[in-house]
Amino acid sequence: TIHVFRVYDETCQSATILSLPSFLSEMKQKGRMVKVLVIDSIAFHYRCSSSDYKSRTKSLTSTAAFLSDLANTFDLSII
């Protein structure tokens, strides 16, 4: 089964990423372990953002750390 989440801006992308732990837990409880998470161009919305470079870098770094923790917690590969 393939699940697709479409995001149209930086805010929606952040909200979707932050909702992943509950989604992954739900899938695990149903016995449908997610093993691979593919994120197509995570930096796209940051490049198009009107925020300053320092703010974008901080946000992108915290997102990367969150995804790293997620991968470790759920034994998940993130591409």
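**From definitions to conclusions**

Mentor: Among contacts between residues at least 6 apart in sequence, 67% join residues at least 24 apart; a contact means heavy atoms within 4.5 Å. This is a predicted model, in which local features need pLDDT of at least 70 and side-chain atom pairs count only at pLDDT 80 or more, while totals for chains, interfaces and linings use all residues. Residues are numbered from 1 along each chain as its sequence is written, and side-chain values use heavy atoms, with hydrogens and water left out.

Trainee: How many helices and strands does the chain have?

Mentor: There are three helices and two strands, in the order α-β-α-α-β along the sequence. Helices (H or I, at least four residues) and strands (E, at least two) are DSSP runs, numbered from the N terminus.

Trainee: In which helix does F74 lie?

Mentor: F74 belongs to helix α3, which covers residues 53-74.

Trainee: Why is F74 called buried?

Mentor: Buried means under 20% relative accessible area, exposed over 50%, and partly exposed in between, with a 1.4 Å probe and protein chains only. The relative accessible area of F74 is 15%, so F74 is buried. In the whole chain, buried residues make up 23% of the 79 residues.

Trainee: Which residues does F74 touch, not counting those up to four places away in sequence?

Mentor: F74 touches P21, L24 and S25. As for K35, 39 residues from F74 along the chain, the two C-alpha atoms are separated by 8.3 Å.
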